[in-house]
Amino acid sequence: MIKQESTSPILCIVGARPNFMKIAPIMRAFAAERLPAMLLHTGQHYDRDMNDTFFNDLGIPKPDFNLGVGSGSHTQQTAQIMLRVEPILNQLNPSAVLVVGDVNSTIACALVSVKQGIPIIHVESGLRSNDRTMPEEINRILTDQLSDLLFTTEPAALSNLQREGISPERVHLAGNVMIDTLHFNLPRAIPYRTTIEHLGIADSLPTLTEGYALLTLHRPSNVDNLETLESIVSTINQLALQLPFIFPMHPRTRDRLERFNLLGKLDNKRIITTPPQGYLQLLGLMKDSRIVLTDSGGIQEETTALGIPCLTLRENTERPITIHQGTNTLVGRNPELILRAFHQGLEPNPKRSEPPKHWDGKAAIRIAATVKAWLASLPQNNHNAPS
Ligand code: UD1
C-alpha cells in the first residue's frame with residue numbers, strides 16, 4: 001500500500017475539443033478553493049484549430065503532461081492513452097483523477113485509474129442516449145460504473161444512474177460546467193461580422209441582412225456514410241435557398257465530403273464553409289444566428305442557454321432537458337421533418353427556453369466545494385497501486 005499524501009494533486013484529464021470548455025471553469029474553481037490540481041492532455045485533438053486556440057481563448061493552464069496520442073482507430077487511441085497514462089499515475093499518485101464528458105480519453109484514463117485504486121471523479125455523468133452504436137454512449141456507461149463521485153447536469157441523469165445500480169449518495173446535481181464557460185465568455189464573444197471579415201470571405205457572401213443559419217456536423221453516423229451525407233447536403237442546399245448558412249467544418253467532415261465528392265455539391269453561393277472555429281468565434285456565430293442545425297451534444301446545451309432555436313440532426317439525444325425545457329428539437333435525418341422544423345424555428349415565436357436548474361455559471365464552484373469535502377472524508381491510505 002502506498003500512503004496517500006494529503007497534498008497529492010487531483011489529476012484533471014482533457015483530450016478532445018468538447019473537454020476544453022468543461023475543464024476551464026473547473027481548474028479555476030479548484031484554484032479558488034486552493035485544491036492542488038494538475039492537468040493532463042492526452043493529445044486526442046492536436047490541430048491548432050481543434051486545440052491550441054481553445055487553450056488560449058479559455059485561459060486553460062498549459063498541461064503538466066501531454067501524451068501526444070493523436071488520431072487512430074478507437075482501439076488504438078484508447079489503448080495508446082492507457083499505455084501512456086499508466087506510468088504518470090504511478091509516479092504522481094494523485095489524490096483523484098477527474099474526467100469530463102464522454103470521449104475516448106475519458107474512459108481510457110478512468111480505466112487505468114480504477115486499476116491503480118485511484119478514486120475517479122466524473123463530471124457530466126449519467127447522460128444516456130440509449131443508443132449503443134454511439135461510441136460516446138459506451139464511454140459514458142463504463143466511466144460512470146468506474147467513478148466514485150459523479151456530477152450531473154440534469155435530473156434525468158440520476159434516474160439513469162440509479163437504473164444502472166449506482167448509489168445516489170455518490171451523485172450530485174452540480175449543473176453544467178459548459179454553461180459556466182458560456183456565461184464567463186459571453187461578453188467576449190466575437191461578432192459574426194468580425195469572424196467572416198477576418199476569414200476574408202465577407203465580400204463573397206450572400207447578403208446576410210435577413211440573418212443566417214449555423215451548421216455543425218461531425219458525428220460518424222452522419223458523415224461516414226455516403227448516402228446519409230449526400231441526403232444531408234441536399235437538404236441543407238434546399239434550406240439555404242431560404243436562409244444562408246455558415247458551416248464551420250470539423251476535419252472529419254471535410255475529409256468525408258472530399259472523399260465522397262460532395263464538397264462541390266454544397267451550394268457555395270448560399271453556404272459559407274469555414275475551418276473549425278475557436279470558442280469565442282463559435283459563440284459569436286451561435287449568438288448572432290437565427291437558427292442552429294447540429295449533431296453536437298454541447299451545442300444543444302449552448303443554444304438552450306442562449307435561447308436560439310436548435311435542430312438536432314440525430315434520432316436521439318442524451319440531453320433531454322434541452323428538448324423539454326430548452327430550444328432543441330430532434331429532427332433526425334428526415335428531409336421533410338427538417339424542412340418543417342426549420343420553418344417553425346424561423347417563426348417569430350419559436351420554442352421558448354427556460355434555463356435548467358443550476359445552469360447558472362456556478363456549476364464548477366459547486367463541484368470544487370463538494371470535491372474538497374469528499375477528499376477530506378477519504379481514508380488517507382486508500383491506494384492499492386502496485387508498489
Ligand atoms: C471526438 C469525440 C466526440 C466529440 C468530438 C468533438 C470520441 C469517441 N469522440 O470525435 O465525442 O464530439 O471529438 O470534436 O472521443 N482530426 C484532425 N485534427 C484533430 C483531431 C481530429 O484532423 O485535431 C481528424 C482526424 O482525421 C481524426 C478525425 O478527425 O481521425 C476524428 O477525430 P477523433 O478524435 O477520432 O474523433 P472526433 O470525431 O473528433
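Glu136 and Arg219 form a salt bridge whose closest N and O atoms are 3.0 Å apart, a salt bridge being a side-chain nitrogen of Lys or Arg within 4 Å of a carboxyl oxygen of Asp or Glu. This pair links distant parts of the chain, 83 residues apart: Glu136 belongs to helix 5, and Arg219 to the loop between strand 8 (213-215) and helix 9 (220-223). Helices (H or I, at least four residues) and strands (E, at least two) are DSSP runs, numbered from the N terminus. The structure is a predicted model, in which local features need pLDDT of at least 70 and side-chain atom pairs count only at pLDDT 80 or more, while totals for chains, interfaces and linings use all residues. Residues are numbered from 1 along each chain as its sequence is written, and side-chain values use heavy atoms, with hydrogens and water left out.

Glu136 has a relative accessibility of 16% and counts as buried; Arg219, at 8%, also counts as buried. Here buried means under 20% relative accessible area, exposed over 50%, and partly exposed in between (1.4 Å probe, protein chains only).

By this salt-bridge rule the count comes to 20. One of them joins the side chains of Glu124 and Arg319, at 3.2 Å from N to O. Glu124 is in the loop between strand 5 (120-123) and helix 5 (135-146), whereas Arg319 is in the loop between strand 12 and helix 14 (321-324), so that the pair links distant parts of the chain, 195 residues apart. Both Glu124 and Arg319 are buried. A further salt bridge connects Asp255 with Arg256, where the closest N and O atoms are 2.5 Å apart. In this pair Asp255 counts as partly exposed at 30% relative accessibility, and Arg256 counts as buried at 15%. Salt bridges that share partners also build one network from Lys22, Asp102, Glu124, Glu137, Arg140, Glu301, Arg314, Glu318 and Arg319.

Six strands form an open sheet in the order 10-9-8-11-12-13, with parallel pairing; two strands pair if DSSP finds at least two bridges between them. Strand 10 (271-274) and strand 13 (328-330) stand at the edges with a single partner strand each, so one side of each has no neighbour in the sheet. From one strand to the next the twist averages 20 degrees. Four bridges pair strand 9 (residues 245-248) with strand 10 in the parallel sense, and Phe245 has Ile271 of strand 10 as its bridge partner.

Helix 13 (residues 297-306) lies across strand 11 (291-294), strand 12 (310-312) and strand 13, and runs at about 165 degrees to strand 11. Axes are lines fitted to C-alpha atoms, for helices over the stretch in contact, and angles run from 0 to 180 degrees between N-to-C directions.

Two further residues lie in helices. Asn51, in helix 2 (residues 48-58), is buried, with a relative accessible area of 10%. Leaving aside neighbours within four places in sequence, Asn51 is in contact (heavy atoms within 4.5 Å) with Phe20, His41, His45 and Tyr46. Pro251, in helix 11 (residues 251-259), is partly exposed, with a relative accessible area of 34%. With neighbours within four places in sequence left aside, Pro251 is in contact with Asp47, Met50 and Pro276. The C-alpha atoms of Pro251 and Pro276 are separated by 7.6 Å, the two residues being 25 residues apart along the chain.
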